[in-house]
Amino acid sequence: MLATALFHAPSSAAGTRRTSTTVPAFQQEMQVNYRDLFEAAIITGAQDPNGASMPLERLLAAASRDGLQRLGDQSIAELIRLRSELADRADLSTCAGLWSGSMARGFVPAVESLPPQRQREWAQLFDQAARATINRMPIRPAPTPDQYQPALTRMMSRLPPADLEALRSALDDSAHLTPAQECKAVRVFYGALARTNHADAVTLARAMLYQ
């Protein structure tokens with residue numbers, strides 16, 4: 001659930017050349033820092049017993065998750081803001097994939113549909129995550145149940161009844177949701193995180209990086 005968004009291999013690294021007028025802002029920014037992204041992926045792969053045989057998409061996803069787990073609270077708050085906006089703007093399939101974890105191929109097109117400044121902010125966050133891995137910044141521990149559950153309870157207590165029911169149903173039975181239910185749940189979740197207090201929001205968002 002609530003899968004970590006993927007790094008995306010920049011097309012210029014494969015030798016494709018396009019003019020700046022046709023390359024989305026996200027790709028332009030990623031191309032600037034692609035060496036960081038791939039170095040982080042190599043480090044992550046070396047730490048995984050199956051890293052040598054891991055497909056590139058999975059390796060980049062693992063590097064993304066590894067780097068985000070190392071970031072400080074302010075960067076996690078930025079992740080909340082970006083994911084909340086992405087969920088609100090994405091089509092049904094991509095929105096649902098944010099909850100289920102099945103949006104690997106839909107993530108980049110969804111980001112590239114955002115305004116250019118938001119695209120650059122996504123790319124910059126990924127570069128922060130890559131550099132955190134390269135610099136061997138310590139992985140922040142996952143919130144404990146004693147930290148996570150009270151934060152979730154406080155956040156949910158402020159939801160309107162319909163949103164509360166949608167989120168509670170998704171948390172209780174995430175394996176049997178329709179795409180519409182998944183999309184509703186992720187929009188409620190990140191919308192609520194954006195409105196709750198900073199400490200609880202960071203606790204809940206950080207916990208999602210370990211699921």
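The legends below describe close-up views of a predicted model. Local features were taken only where pLDDT is at least 70 and side-chain atom pairs only at pLDDT 80 or more, whereas totals for chains, interfaces and linings use all residues. Residues are numbered from 1 along each chain as its sequence is written, and side-chain values use heavy atoms, with hydrogens and water left out.

View 1. Helix H1 covers residues 25-32; helices here are DSSP runs of H or I with at least four residues, numbered from the N terminus. Six of its eight residues are buried, so H1 is largely enclosed by the rest of the structure. Buried means under 20% relative accessible area, exposed means over 50%, and partly exposed lies in between, as found with a 1.4 Å probe on protein chains only. The buried residues of H1 are Ala 25, Phe 26, Gln 27, Glu 29, Met 30 and Gln 31.

**View 2. The largest nonpolar core.** A nonpolar core is a set of buried Ala, Val, Leu, Ile, Met, Phe, Trp, Tyr and Cys residues joined through side-chain atoms within 4.5 Å. The largest one has 55 residues, of which Phe 26, Trp 122, Met 155, Phe 189 and Leu 193 touch the most other members. With neighbours within four places in sequence left aside, Met 155 is in contact (heavy atoms within 4.5 Å) with Leu 167, Phe 189, Ala 192, Leu 193, Thr 196 and Leu 204.

**View 3. The crossing of helices H4 and H10.** The axes of H4 (residues 73-89) and H10 (residues 179-195) come within 9 Å and cross at roughly 145°; axes are lines fitted to C-alpha atoms over the stretch in contact, and angles run from 0 to 180 degrees between N-to-C directions. H4 contributes Ile 80, Arg 83, Ser 84, Ala 87 and Asp 88 to the contact, while H10 contributes Val 186, Arg 187, Tyr 190, Gly 191, Leu 193 and Ala 194.

View 4. Asp 73 lies in H4 and Arg 206 in H11 (residues 198-208), so the pair ties together parts that are 133 residues apart in sequence. Asp 73 is partly exposed at 38% relative accessibility, whereas Arg 206 is buried at 6%.

**View 5. A network of salt bridges.** Glu 78, Arg 81, Glu 85, Arg 89, Arg 118 and Glu 121 are linked in a network of salt bridges. Within H4, Arg 89 and Glu 85 meet at 3.2 Å, N to O; because they are four residues apart, about one helical turn separates them. Arg 89 is partly exposed at 48% relative accessibility, while Glu 85 is buried at 19%. Glu 85 also forms a salt bridge with Arg 118, their closest N and O atoms being 2.5 Å apart, and this pair links H4 with H7 (residues 116-134) across 33 residues. Arg 118 is partly exposed at 25% relative accessibility. Glu 121, placed in H7, is buried with a relative accessible area of 14%, and beyond residues up to four places away in sequence it touches Glu 78, Arg 81 and Leu 82.

How values were computed. Helices (H or I, at least four residues) and strands (E, at least two) are DSSP runs, numbered from the N terminus. A salt bridge is a side-chain nitrogen of Lys or Arg within 4 Å of a carboxyl oxygen of Asp or Glu.
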